[in-house]
Structure formats: C-alpha cells, structure tokens
Amino acid sequence: MTADAVFAALADPTRREVVTLLSADGPSTATALAAALPISRQAVAKHLALLDRAGLVARRRAGREIRYELTPAPMTDAMGWMAEVGGAWDRRLDALRDLLA
Amino acid sequence: MAEVTRSVEVPADVRRAWQVISTPDGLSRWLGGATSIDLRPGGGGVADLPEGRRELTVEEVVHGRRLVLHWWPEGAAGRTPLERGASTVELEVEQNEQGSRIVVTEHAPLEGGTGSQAPQARALALA
C-alpha cells in the first residue's frame with residue numbers, strides 16, 4: 001500500500017469507475033459490479049484484486065457472497081505524501097535559490 | 001507513478017549550480033542538514049534532514065547535469081533500497097538564458113517496501 005501502488009491502481013479508467021460505483025452505492029459483489037460495467041465478471045475480479053493489493057478495497061464475506069468495500073485511506077495517504085514531499089522540496093529549493101542568488 | 005516535481009531558476013552558471021547540488025558541502029547547506037555523499041553509482045551517504053536522518057545510495061551521475069539517488073529513513077529494515085521503502089530523487093541542472101534551471105523529481109516508494117505508508121487502512125478493513 002504505497003502511494004505508487006495507489007496511483008497505478010487509479011490510472012485505469014475502469015478501476016476508477018469501480019471505485020466510483022463502490023463509493024456511490026456502497027459495498028458490492030464482483031457480479032453486481034460487472035452488471036453495471038461493459039466488462040466481464042472475470043475482468044472485474046482482476047481489477048478488484050489489484051485495488052485490493054493497493055489497499056483501496058477490502059473483501060468481506062456476507063454469507064456465501066464476497067462483497068467489496070471501498071477503503072479510501074490509502075488515497076488520502078497518497079495525497080498526503082505528495083503534499084508533504086512537495087512542501088519539503090519547496091523549502092529546500094527556496095534555500096537553494098538563496099544560495100545561488 | 002506517484003511523484004512530485006519542483007524547479008527553480010537561478011542566476012548562477014551550470015557549473016556552480018552543479019557544485020551546489022552534488023557536493024556534500026553544497027547539499028548540506030540547502031537540504032537543511034549535514035549531508036555526505038559518495039558521488040558515483042553505488043556510492044553511499046547520509047543526510048541529516050530536519051525531516052529525519054536518511055541513508056542514501058547514488059544510482060546515476062552524469063557530471064554537470066544529472067544526479068539520481070535513492071534515500072530511505074536511516075535504520076529501515078531491508079537488504080535493498082526497495083525493501084527499505086526508498087524513494088528516488090532525480091536532480092537535473094540545465095543552462096538557460098538567465099543562468100541555470102534546477103529540476104527535482106521525487107518518486108514515491110514502490111510496492112515491496114517493508115516501511116509501508118498505509119498499513120492502518122488494511123488492518124482496519126480486516127478487523
């Protein structure tokens with residue numbers, strides 16, 4: 001669950017659509033997601049596995065079904081990384097500019 | 001894929017800019033803490049930053065133009081920079097009309113690091 005994995009996971013438009021559906025409609029099965037998308041259940045399952053590895057979804061067993069739930073904290077962490085590291089470089093480059101002025 | 005890029009333009013010439021961004025003395029002054037660096041591929045170093053101490057290893061040097069290094073929190077577990085959750089920093093200097101332009105890009109740690117960034121989310125989800 002690194003910032004890099006999160007961005008790689010979200011780089012695919014279909015995965016972004018899966019994230020949007022889970023966000024809007026709540027936890028869902030792979031079958032239900034496939035019904036809402038122009039791709040097969042197998043393809044949805046692959047996307048869900050990748051989102052799972054990036055820490056963006058969690059699997060929950062509900063009876064005989066597996067439901068996928070959005071766990072968006074890694075997205076916040078990824079944004080946090082960018083803000084923090086960007087801020088650190090802003091400070092360093094200000095100092096660099098002063099040195100070379 | 002996750003990365004930040006910043007740049008700065010300075011009235012100094014490329015040679016001076018390169019010196020400041022690639023030598024221990026120069027780096028110490030603008031990174032904000034004592035920094036050592038062995039400026040060749042595989043060379044090591046330490047940066048005592050306000051953000052914490054980091055170990056580093058040099059990936060690539062194109063003298064006068066480009067420096068790529070990996071850095072990670074000092075003492076992180078792992079045998080390789082990847083395992084230690086290292087991020088990669090690229091520093092480039094180029095000449096322009098006013099003097100020099102320095103561009104830095106830091107790439108977020110890749111998957112495979114033991115120093116992870118968001119273990120809490122997964123732990124909570126599995127609870």
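This is a predicted model: local features need pLDDT of at least 70, side-chain atom pairs count only at pLDDT 80 or more; totals for chains, interfaces and linings use all residues.
**Entry 1: chain B overall**

I started with the fold of chain B. I counted 3 helices and 7 strands there. Reading from the N terminus, I wrote the order down as β-α-α-β-β-β-β-β-β-α. Next I looked up burial. Of the 127 residues in chain B, 43% are buried. I then turned to sequence separation. Among contacts in chain B with a separation of 6 or more, 38% join residues 24 or more positions apart. Last came the surface. Chain B exposes about 6,500 Å², and I noted that carbon and sulfur atoms supply 50% of that area.

**Entry 2: Arg66(B)**

Arg66(B) sits in strand E5 of chain B, which covers residues 66-73. Is Arg66(B) buried or exposed? I found a relative accessibility of 17%. The cut-off for buried is under 20%, so Arg66(B) counts as buried.

I then checked what its side chain meets. Which side chains make polar contacts with the side chain of Arg66(B)? One is the side chain of Glu60(B), at 3.1 Å. Another is the side chain of Glu90(B), at 2.9 Å. I also listed the residues that Arg66(B) touches, leaving out those up to four places away in sequence. Glu60(B) and Glu90(B) are on that list, together with Trp18(B), Val61(B), Leu91(B) and Glu92(B).

**Entry 3: the interface of chains A and B**

I moved on to where the two chains meet. Chain A gives 34 residues to the contact and chain B gives 38. The area buried between them is about 3,200 Å². Carbon and sulfur atoms give 67% of that buried area.

I looked up the charged pairs next. I found 3 salt bridges across the interface. I noted the one between the side chains of Arg91(A) and Glu51(B), with N to O at 3.4 Å.

Which elements of chain A give two or more residues to the side that touches chain B? I wrote down helix H1 (3-10), helix H4 (41-53), strand E2 (57-62) and helix H5 (73-100). H5(A) gives the largest share of that side, with 19 residues. The side of chain A that touches chain B has 20 nonpolar, 5 polar and 9 charged residues.

Terms used: Residues are numbered from 1 along each chain as its sequence is written. Chains are lettered from A and ligands numbered from 1 in the order in which they are written. Side-chain values use heavy atoms; hydrogens and water are left out. Contact means heavy atoms within 4.5 Å. Buried area is the accessible area (1.4 Å probe) that two parts lose on being put together, summed over both. A salt bridge is a side-chain nitrogen of Lys or Arg within 4 Å of a carboxyl oxygen of Asp or Glu. Helices (H or I, at least four residues) and strands (E, at least two) are DSSP runs, numbered from the N terminus. Ala, Val, Leu, Ile, Met, Phe, Trp, Tyr, Cys and Pro count as nonpolar, Asp, Glu, Lys and Arg as charged, and the others, Gly among them, as polar. Buried means under 20% relative accessible area, exposed over 50%, partly exposed in between (1.4 Å probe, protein chains only). A polar contact is a pair of N or O atoms within 3.5 Å; within protein, one must be able to donate a hydrogen and the other to accept it, and residues adjacent in sequence count only if both atoms are side-chain atoms. Accessible areas come from the Shrake-Rupley method with a 1.4 Å probe; for residues, only the protein chains shown count as cover.
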